[in-house]
Amino acid sequence: MAKGALRHKDHFHGSDLELIEEIYHIRKEDITSFSANINPLGVSGNLKASISEHIDAIQTYPDRDYRQLRQVIADYAGTRPDNVIVGNGSTELISLIIQTCSPKKALILGPSYSEYEREVSLKGGSTIYYRLKEEKDFQMDIADFCAHLNDNLDLLVLCNPNNPTSTAISRREMRTILDACLEHGIFVMVDETYVEFTDPEEKISSVPLTNDYTNLAVLRGTSKFFAAPGLRLGYAITGNADLIRQIHTLQNPWTISSLAEIAGRLMFRDTAYIQETRELIKSERARVYNILKTWKNVKVYEPKANFILVRILTEKTDADELFDLCIRSGMMIRNCSTFPFLSSKYIRFCFMSPEDNNRLLALLESRLESAE
Ligand SMILES: Cc1ncc(COP(=O)(O)O)c(C=O)c1O
């Protein structure tokens with residue numbers, strides 16, 4: 001075990017397993033990542049069973065227009081194939097949309113995923129934050145938010161559900177925001193990386209709104225819900241034909257491999273896997289949340305996605321120490337101190353199998369809830 005590991009100042013992304021291996025001398029195969037927000041069921045059974053039969057596909061270039069893949073995505077997401085753009089993970093599409101909008105001033109929620117700000121600044125723009133208030137459990141006050149919109153802004157980025165708060169904006173609320181943004185000439189990019197984990201009855205996805213609003217693009221990926229971050233397959237949905245044309249001009253050809261294209265076609269149709277994932281996450285989300293609510297030394301915020309944000313209320317520990325405690329037992333949680341507006345009093349973890357979740361809860365409880 002690395003001596004002095006507690007003192008290191010590194011903060012780990014959910015994908016930093018190699019770094020963990022190096023610092024803590026724990027094999028990455030022995031780590032359960034509660035930090036990467038990835039579906040605990042692993043890769044879709046359909047995909048696993050038949051991808052190897054398609055290996056010859058790499059002998060040819062994929063269809064440059066990815067027609068079949070876009071049709072399958074359109075059927076899955078409830079839109080038309082003309083409205084779908086595919087990319088090398090949602091990361092490529094975040095970059096392409098921001099390049100296309102070339103915003104001078106962008107508005108982003110705080111705390112939220114960090115990649116948007118990096119892309120805006122790479123294009124020479126500046127970012128301002130709308131702070132989600134802890135006192136309001138990080139829920140957005142829609143009227144207050146709309147009052148902050150103005151003509152100087154050209155881009156709004158909303159992560160919905162939001163990483164790391166696991167809070168969400170409903171479709172009805174999104175309409176109000178989109179109407180206000182139309183008035184001020186603001187383009188809206190909604191990152192729905194985690195939306196498929198939400199309860200469909202809550203009507204959170206903005207995909208249906210792409211039929212009504214041309215100032216909207218919705219981003220999705222396969223890294224989290226389909227447990228395929230190494231595949232690098234993402235997509236965007238927009239009703240804005242100009243945006244689609246501009247993105248096609250900028251995007252390199254064939255950024256999605258033939259195998260990723262086939263994998264997409266297999267997994268989006270794996271309805272049994274999709275159903276099983278939804279049920280598992282729905283029940284673990286409610287179960288873990290209800291347990292944490294009974295602890296006296298933490299505050300939890302009602303989660304809508306497949307992860308939960310936890311605030312540490314006691315002075316006796318913090319996120320650095322809990323990260324260290326958990327990783328030494330082969331469980332990696334997210335220390336949230338690097339997120340804007342959070343601190344070393346916040347951790348985030350995703351829902352894994354019931355057994356793994358119980359193991360993590362037992363360890364956290366032993367440190368957080370034990371007598372002084
Ligand atoms: C909110 C959000 N958007 C996008 C990404 C990147 O996704 P992808 O692997 O599809 O590029 C992540 C990854 O952690 C994320 O949390």
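Predicted model: local features only at pLDDT ≥ 70, side-chain atom pairs only at ≥ 80, totals over all residues.
Trainee: Where does lysine 203 lie?

Mentor: In the loop between strand E6 (187-191) and strand E7 (216-221).

Trainee: What makes the phi of lysine 203 worth a remark?

Mentor: Most residues other than glycine have a negative phi. Lysine 203 is not a glycine, yet its phi is positive, about 45 degrees.

Trainee: Which phi does tryptophan 254 have, positive or negative?

Mentor: Positive, about 55 degrees, and tryptophan 254 is not a glycine either. It sits in the loop between helix H8 (241-250) and helix H9 (258-267).

Trainee: Is tryptophan 254 buried, exposed or partly exposed, and why?

Mentor: Tryptophan 254 has 14 other C-beta atoms within 10 Å. That lies between the cut-offs of 12 and 20, so tryptophan 254 is partly exposed.

Trainee: Now the peptide bonds. What kind of bond joins glycine 110 and proline 111?

Mentor: A cis bond, with omega about 0 degrees. Most peptide bonds are trans. Proline 111 is in the loop between strand E3 (105-110) and helix H5 (115-122).

Trainee: And what is omega for the bond from asparagine 160 to proline 161?

Mentor: Near -5 degrees, and that bond is cis. Proline 161 belongs to the loop between strand E5 (155-159) and helix H7 (171-184).

Notes:
Residues numbered from 1 in each chain as written. Helix = DSSP H or I, 4+ residues; strand = E, 2+ residues; numbered from the N terminus.
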